Amino acid sequence: MPRTKWAKKVPAGWSALTKHLLQDMFLRDKIATEGFQLVGQLVRVRFWALLADEEALQSIWYTTGASGLAPCGIMCSVTNKPVHTDVSRGIASLSDLDPAIPNISCGEESKCGLRTDKNVWGFCDALQLASSKDRAELERLSGIKYHPAALLYDKDLRPFVSPTKSTRFDPMHVLASNGLIGVEMMLCLTEMKTSVGSYFAEVRAFHSEEAWLPKCEVFSEARENSATFQVKGGASELWSAYPLLRRFVLVTYGEDAPELHVQSFLLLCSIADIFLLLMHGGGPLVAAPLPSLVSRYLAMFVLAHGLDAVRWKHHGLVHLYRQIMADDMSLNCWVTERKNIKGKQAVQNNQCTQQVEKTALSRMLNSQIRLLESPGWVSKLIQPARAFPELALTLSASKVELSSAMRWCGISIKSGNVLFLDTDRSRLVVVIGCFEVDSNTHGILVRAATSVNRAAYSSRWEVAADVSYYMFKKEDHVVQAAFYRHPAPDRVEVLH
């Protein structure tokens with residue numbers, strides 16, 4: 001039985017389950033007030049952040065969700081876009097009736113009617129006291145549903161769990177996983193097909209003729225045939241693919257194209273660029289342009305594609321900057337999403353639904369044990385590897401092994417890769433090989449590059465003929481070039 005059906009059997013669903021979990025932690029075990037002893041130290045724990053996609057946040061906070069009149073529910077009071085039935089009947093939306101009421105396309109967080117915990121709990125208390133008739137209307141207007149078993153209605157937890165301060169929208173789901181990158185790419189390609197006759201096939205030809213590497217499946221014929229309202233692809237694929245389409249768009253329309261769909265696409269790409277740097281270790285200062293970019297992007301998107309095309313994930317962008325400032329980093333669901341895949345695999349092909357919990361737990365445990373035997377986050381060479389005594393002598397090391405590939409701090413690196421060694425993209429190398437020193441230090445053999453020309457989204461470099469080595473340090477932030485090509489043996493051009 002699918003997990004959604006199991007959840008529906010529980011009154012208030014995931015919200016009630018989350019409440020019981022937090023009750024165990026903060027009310028029964030009292031880890032926030034009394035704490036616990038750990039290696040001779042008293043440790044107290046507080047509830048900091050709830051990171052999830054929109055559907056999970058809706059389920060846990062028990063809100064009406066993205067289709068409701070107040071789609072944000074917890075964080076602010078923006079109204080949704082008009083529903084088709086109202087439009088056909090000539091019924092104006094709240095934001096049409098009163099321009100002071102922000103709708104889901106509002107790009108400035110300060111104008112979105114930000115809520116406090118006091119506001120949220122005030123709605124909950126009013127819902128609890130309301131009659132059935134009044135409650136239905138209040139649920140619709142507030143975006144918060146009522147059930148006595150739901151998390152927000154446990155008053156004992158309120159000192160420990162702050163809904164407005166702890167809610168975190170996940171940038172991976174907002175942008176990449178069925179997110180805005182795929183939607184925006186599809187809208188842009190559709191407009192290009194109409195205006196200049198360019199579509200998937202032309203992107204494929206551009207990729208091939210200009211000899212960009214690596215291979216990209218996002219614009220393949222199979223993906224073209226399955227594309228509907230968004231370009232199909234996994235989250236990692238879409239993060240990698242948008243620079244290629246940006247290059248194609250810029251070559252087709254020029255740097256200062258006035259077309260609205262081009263400007264909308266380029267603004268979203270700039271937002272994605274920031275989160276790409278944040279994922280590779282860039283500090284919070286990298287995110288400084290976000291509020292302005294998001295505001296400009298949402299306004300341009302409405303001009304280009306209309307209010308009806310706006311999705312909840314567009315609104316999710318508005319709150320991301322404040323999250324980054326609160327956490328001093330950008331939290332995301334990349335790791336938890338990979339765990340989610342393992343969880344789904346653990347309950348597949350299960351014939352006995354009466355023992356589904358035991359089956360899933362045992363399979364997950366076995367999967368976790370196998371993972372710990374060879375964890376992907378451990379830096380190591382990929383076999384086969386061979387001894388490299390010449391470098392061992394240079395480094396005064398007892399043993400150096402050389403391989404064509406490695407994993408370093410969770411990043412896959414192999415011979416031929418073009419890497420930036422900093423988030424400013426000022427140091428570029430072409431990887432020749434990977435090595436390990438005395439089984440605890442790692443590095444790469446490289447041909448270093450010198451910048452020749454730098455544009456907004458690409459750069460050209462002269463590659464040295466001689467080979468040198470680079471030893472990785474813990475503070476290094478390695479960024480792989482999205483796409484690269486070699487116009488000459490001693491030249492490389494990269495997209496970023």
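**Salt bridges, cavities and surface of a predicted model**

Q: Which residues are linked in a network of salt bridges?
A: The network joins Glu-210, Arg-247, Arg-460, Arg-485 and Glu-493. A salt bridge here is a side-chain nitrogen of Lys or Arg within 4 Å of a carboxyl oxygen of Asp or Glu.

Q: What should I know about the source of the coordinates?
A: This is a predicted model, in which local features need pLDDT of at least 70 and side-chain atom pairs count only at pLDDT 80 or more, while totals for chains, interfaces and linings use all residues. Residues are numbered from 1 along each chain as its sequence is written, and side-chain values use heavy atoms, with hydrogens and water left out.

Q: How many salt bridges are there by this rule?
A: The count is 17 salt bridges.

Q: Is Arg-485 buried or exposed?
A: Arg-485 is buried, because its relative accessible area is 17%. Glu-210, at 23%, is partly exposed. The classes are buried under 20% relative accessible area, exposed over 50%, and partly exposed in between (1.4 Å probe, protein chains only).

Q: And Arg-204, which residue does its side chain meet in a salt bridge?
A: Arg-204 meets Glu-224, at 3.0 Å from N to O. Here too the pair links distant parts of the chain, with Arg-204 in helix H11 (residues 200-209) and Glu-224 in helix H12 (residues 221-226), 20 residues apart. Arg-204 is partly exposed at 25%, and Glu-224 is partly exposed at 22%.

Q: What about Arg-140 and Glu-137: how far apart are the closest N and O atoms?
A: Those atoms are 3.2 Å apart in the salt bridge. The two residues are separated by about one helical turn, because they are three residues apart in helix H7 (residues 132-142). Arg-140 counts as partly exposed at 42% relative accessibility, and Glu-137 does so at 37%.

Q: Changing topic: how many cavities of 30 Å³ or more are there?
A: There are seven. On a 1 Å grid over the protein atoms alone, a cavity is a set of points where a 1.4 Å probe fits but cannot get out, and lining residues have an atom within 4 Å of a point. A volume is the space filled by probe spheres set on the points, which are joined across faces, edges and corners.

Q: How much space lies in the largest cavity?
A: About 100 Å³. Of its 13 lining residues, Leu-57, Gln-58, Thr-63, Cys-72 and Phe-169 are the closest to its centre. Helix H3 (54-61) and strand S4 (167-169) are the elements that give two or more residues to the lining, and H3 supplies the largest share, four residues.

Q: Moving to the loops, where is Val-39?
A: Val-39 is in the loop between strand S1 (36-38) and strand S2 (41-43). With 78% relative accessibility, Val-39 counts as exposed.

Q: And where is Ile-101?
A: Ile-101 is in the loop between helix H5 (94-97) and helix H6 (117-129). Ile-101 counts as partly exposed, at 26% relative accessibility.

Conventions
1 Å grid on protein atoms, 1.4 Å probe; cavity = no way out; pocket = protein on both sides within 12 Å on 5 of 7 lines; lining within 4 Å.
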